[in-house]
Amino acid sequence: MNRTLLEEQLSSLPLLQYEFISTDELVFSENVRYICRTECPMYGRTWACPPAVGTVEQCREKCMEFTSGLLFSTVTEVSDIANIEETLSTRAPHEAITRRVRDLIAEQCGTVFALSTEACAICEKCAYAEGKPCRHPERMFPCVESHGIIVTDLAEKHGMDFFNGGNIVTWFSLILFSDDAG
Ligand code: SF4
């Protein structure tokens, strides 16, 4: 990959921070999956969440098909971060940016794998509940945590800010790819 070209392209997007990572440093935790199963109301409700994404081991194998990743964040200020509706309304712009970054990397690297935020909210009612295939597999991104990856740990390891102030919503995405820059 020509990372210089990609970084030039990324400079025109409203990203807060980004870092290149190696997939070797990813940690896949069964504990995260336990939290999905026991605490998340979206468990078992979309193709973007467990168990539809596969076991943690299957998720690890899928991620390890790639050598590298780009972890990036966006931020949006809301009037009250405790207002879940307002906070979640900032997701769609982040997902649109994720698609743009995914496409830029795919232009250079071909096959990529994008992980993003929360459960998928593209359809009003996910096809998973009806036992049907995902209607928009090209637009749907499983969330990072659904694969057992603790995104806060990864961000901190790379000096990225996870908390950016009282009413600032911070979203992360991770695009995996393979290149000879590793
Ligand atoms: S795109 Fe629709 S069918 Fe696919 S995971 Fe998202 S909500 Fe479900």
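The views below belong to a predicted model, in which local features need pLDDT of at least 70 and side-chain atom pairs count only at pLDDT 80 or more, while totals for chains, interfaces and linings use all residues. Residues are numbered from 1 along each chain as its sequence is written.

View 1. The peptide bond from P50 to P51 is cis, with omega near 0 degrees. E118 is found in another setting, the loop between strand 3 and helix 6, and it has a positive phi of about 50 degrees although it is not a glycine. E118 counts as buried because it has 20 C-beta neighbours inside 10 Å; a residue is buried if 20 or more other C-beta atoms, placed from the backbone, lie within 10 Å of its own, exposed if 12 or fewer, and partly exposed in between.

View 2. The strands follow the order 1-2-4-3, with antiparallel pairing, and two strands are said to pair if DSSP finds at least two bridges between them. Strands of a sheet pair through backbone hydrogen bonds, either parallel or antiparallel. At the edges lie strand 1 (17–22) and strand 3 (113–115), each of which pairs on one side only. From one strand to the next, the twist averages 20 degrees, with axes taken as lines fitted to C-alpha atoms, for helices over the stretch in contact, and angles running from 0 to 180 degrees between N-to-C directions.

**View 3. Bridges between neighbouring strands.** Strand 1 and strand 2 (residues 68–77) pair in the antiparallel sense over 6 bridges, and in this pairing Y18 stands opposite F72, while E19 stands opposite L71. Strand 2 also pairs with strand 4, again in the antiparallel sense, over 10 bridges; here V75 stands opposite T170, and the bridge partner of G69 is L176. Strand 3 is joined to strand 4 by 3 bridges, and these two strands run antiparallel, with L115 standing opposite L174.

View 4. In soluble globular proteins, nonpolar side chains tend to be buried together. A nonpolar core is a set of buried Ala, Val, Leu, Ile, Met, Phe, Trp, Tyr and Cys residues joined through C-beta atoms within 7 Å. Of the 34 residues in the largest such core, L70, L71, I105, V144, F172, L174 and I175 touch the most other members. Helix 2 (30–39), helix 3 (56–63), strand 2, helix 5, strand 3, helix 6 (151–157) and strand 4 each supply at least two residues, and the largest share, 6 residues, comes from strand 4. Not counting residues up to four places away in sequence, I105 touches L6, L70, V112, I175 and F177, where contact requires that the C-beta atoms of two residues, placed from the backbone, lie within 7 Å.

View 5. A114 lies in strand 3 and is buried because 25 other C-beta atoms lie within 10 Å. Leaving aside neighbours within four places in sequence, A114 is in contact with T98, R102, F141, S173 and I175. L10 lies in helix 1 (residues 3–10) and is partly exposed, with 18 other C-beta atoms within 10 Å. Residues up to four places away in sequence being left out, L10 touches L15, Y18 and V101. Although L10 and V101 are 91 residues apart along the chain, their C-alpha atoms are separated by 7.4 Å.

**View 6. The residues around the ligand.** Of the 13 residues around the ligand, W47, C120, C123, C126 and C134 come nearest, a residue being near a molecule if its C-beta atom, placed from the backbone, lies within 6 Å of it. By class, this shell has 10 nonpolar, 2 polar and 1 charged residues; Ala, Val, Leu, Ile, Met, Phe, Trp, Tyr, Cys and Pro count as nonpolar, Asp, Glu, Lys and Arg as charged, and the others, Gly among them, as polar.

Key: Helices (H or I, at least four residues) and strands (E, at least two) are DSSP runs, numbered from the N terminus.
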